[in-house]
Protein chains: 2
Amino acid sequence: MAKISESHPRRDSLLARQKLVDAAERGLLAESAMIAHGRGEAYDYLLGEQTTESSLLAIREVVARLRAAARPVISVNGNTVVLAGENLIRVAAVIQCPIEVNLYYRSPERVAGLLSLLSKQREEVRNKGAPEGYTGDWFDAVGSVRLMGAEEDGRIEGLLGPRSICSAEGIGSADTVLIPLEDGDRCEALIDLGKEVLVIDLNPLSRTSMMASVTIVDEVARASEALVRETITGQSGPTQWDNQRVLRDALDTMAGALERV
Amino acid sequence: MAKISESHPRRDSLLARQKLVDAAERGLLAESAMIAHGRGEAYDYLLGEQTTESSLLAIREVVARLRAAARPVISVNGNTVVLAGENLIRVAAVIQCPIEVNLYYRSPERVAGLLSLLSKQREEVRNKGAPEGYTGDWFDAVGSVRLMGAEEDGRIEGLLGPRSICSAEGIGSADTVLIPLEDGDRCEALIDLGKEVLVIDLNPLSRTSMMASVTIVDEVARASEALVRETITGQSGPTQWDNQRVLRDALDTMAGALERV
């Protein structure tokens, strides 16, 4: 793709696209990954390509729940690692939880490729130093983030085939899972197992959005940046959360964008 | 991808996706083609995955204008050929106009690959026989559809680089161009040249949708089926067309989908 000028109004969006095209060429993404990203682009456009007030509340709640959890895990797929891997490693470093590569269209090659990319990202994150406001030992905190997903020794009950595979010590025994960009069936299966499921999903009408415990309706890279800030500065505990309200707010914002013309 | 059952409620959408994945593997699509398709999927979902009353009026108007044109051309890109090639050949056969492969991200390989695919589709369309209601000599009508785009002997004024290239006898000298899935800059350049630009675009807010002479807000495969029917049965001539109205209707339908939950 062509070089994108610093001043391009849609620079973030074009850079994200370019990262995905590169990752696809390296075989890191499922066939449907680019189409899924395109759907997200359309919803993000309607959302105004910004983190809304209501998403910010959801981000706060997600961090509170991750912090309060006994065994939190961050589950990532290809698009997530490519677009938001570094910031999710920062979140994992502060929360002190593992990251698990878990793919709907699972292949050993892609799992291995994404773990290797995450491992490089972890080095980067370590070397770039602590985010503003972090007061602990950054080098140790980042170094201790476990990267899981190769084990295949756990199963998500209620699912069949490769998409049921998980790490026994990761998603298998987690009480709370942050899963950006999750599929509806899997979101449902995890909820049925009694887990807290925290998602990032640009489509407020998706089954995932509607079934999750907390839904951040936001673009995954932007949301992850906000998650890092909140993980470091946030103090509040989990609340009685009305997830329907944030979905309603997102729908209103999008409908407004369509009507404002 | 997995086999899709005959009864799957989203069969058309999944089949379209599979066709694009296959075409991408054969190098027929630009890098951004899958992302563009994903964006379309999101808007189509909001549209209810159906041809609305208002799109049907636009389809009627497009056919009337193609029929009234002195030199009509149908311009196609990779996604269009893959998703709607056969039906657009049928339209071209009835109208008796050429089809030109014209790519925003132009490469000689993709132009050649798409011309070869179109040529196979033309054979298929010929052998499958005339659509219901057609009374002429189908074999001759289809056989005489010229497939253009390899010539590179024309230029679209107002554009720079490979995206300005066209066929002098095709888009170069056309008075009316049907371009499903067109880019905004090119739509504008063609309008500035005084041509009628008829488009199919699922995003009613895109520059293409807003600048075109007539916009069919519909999925390209579905719209092309309707175009074939209208080309054969339609009788009406061009009208004083209010394109803002169809865009307004599409926006209302989509906003309604977001509010109906």
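In this predicted model, A:Gln96 is partly exposed, with 13 other C-beta atoms within 10 Å. The residue is found in the loop that runs between helix 4 (78-95) and strand 2 (99-101) of chain A, and its backbone has a positive phi of about 60°, although A:Gln96 is not a glycine. Most residues other than glycine have a negative phi. A positive phi also occurs at A:Glu49, where the value is about 50° and the residue is again not a glycine. A:Glu49 has its place in the loop between helix 2 and helix 3 (53-68) of chain A, and it counts as partly exposed because 15 C-beta neighbours lie inside 10 Å.

A further loop residue of chain A is A:Asp175, which lies between strand 5 (165-166) and strand 6 (176-180). With 15 C-beta neighbours inside 10 Å, A:Asp175 counts as partly exposed. When residues up to four places away in sequence are left out, A:Asp175 touches A:Ala69, A:Ala70 and A:Arg71, and it also touches A:Lys195 and A:Glu196. Between A:Asp175 and A:Ile200, by comparison, there are 18 Å in space, C-alpha to C-alpha, and the two are 25 residues apart in sequence.

Considered as a whole, chain A has a secondary structure that comes to 10 helices and 8 strands. Its C-alpha trace spans about 50 × 45 × 45 Å along the principal axes. For 261 residues, a compact globule would have a radius of gyration near 18 Å, and the 17 Å found for chain A agrees with that expectation. Of the 261 residues in chain A, 51% are buried.

The arrangement of strands was examined in chain B, where 6 strands form an open sheet in the order 3-2-1-6-7-8 and the pairing is parallel. The edges of this sheet are strand 3 (147-148) and strand 8 (214-216) of chain B, each of which pairs on one side only. Strand 1 (residues 72-76) of chain B runs parallel to strand 6 (residues 176-180) of chain B, and 3 bridges join the two. Within this pair, B:Val73 has B:Val177 as its bridge partner in strand 6 of chain B.

B:Val177 is also one of the residues touched by B:Leu190, together with B:Ile156, B:Lys195 and B:Val197, when residues up to four places away in sequence are not counted. B:Leu190 itself lies in helix 7 (residues 184-192) of chain B. The threshold for a buried residue is 20 or more other C-beta atoms within 10 Å, and B:Leu190, with 27 C-beta neighbours inside 10 Å, therefore counts as buried. From B:Leu190 to B:Ile171 the separation is 19 residues in sequence and 9.0 Å in space, C-alpha to C-alpha.

Helix 2 (residues 33-47) of chain B has 15 residues and reaches 21 Å from its first C-alpha to its last, which is close to the 21 Å expected at 1.5 Å a residue. Because 15 of the 15 residues of helix 2 of chain B are buried, this helix is largely enclosed by the rest of the structure. Just after helix 2 of chain B comes B:Gly48, which takes a positive phi of about 90°.

The two chains meet through 21 residues of chain A, which are in contact with 21 residues of chain B. On the side of chain A that touches chain B, the elements giving two or more residues are helix 1 (11-25), helix 2 (33-47) and helix 10 (243-259) of chain A. Helix 2 of chain A provides the largest share of that side, namely 9 residues. By class, the side of chain A that touches chain B has 13 nonpolar, 3 polar and 5 charged residues.

As for the relation between the copies, chain A is superposed on chain B by a rotation of 180° with 0.0 Å of shift along its axis, at an RMSD of 0.0 Å. Such a relation is that of a two-fold axis. The same surface serves both copies, since 100% of the contact residues of chain A recur in chain B.

Key
Residues numbered from 1 in each chain as written. Chains lettered and ligands numbered in written order. Predicted model: local features only at pLDDT ≥ 70, side-chain atom pairs only at ≥ 80, totals over all residues. Pairing = 2+ DSSP bridges. Helix = DSSP H or I, 4+ residues; strand = E, 2+ residues; numbered from the N terminus. Least-squares fit on C-alpha atoms with pLDDT ≥ 70 in both. Contact = placed C-beta atoms within 7 Å. Expected span 1.5 Å × (residues − 1). Buried ≥ 20, exposed ≤ 12 C-beta atoms within 10 Å, placed from the backbone. Nonpolar A, V, L, I, M, F, W, Y, C, P; charged D, E, K, R; others polar. Rg over C-alpha atoms; globule rule 2.2 N^0.38 Å.
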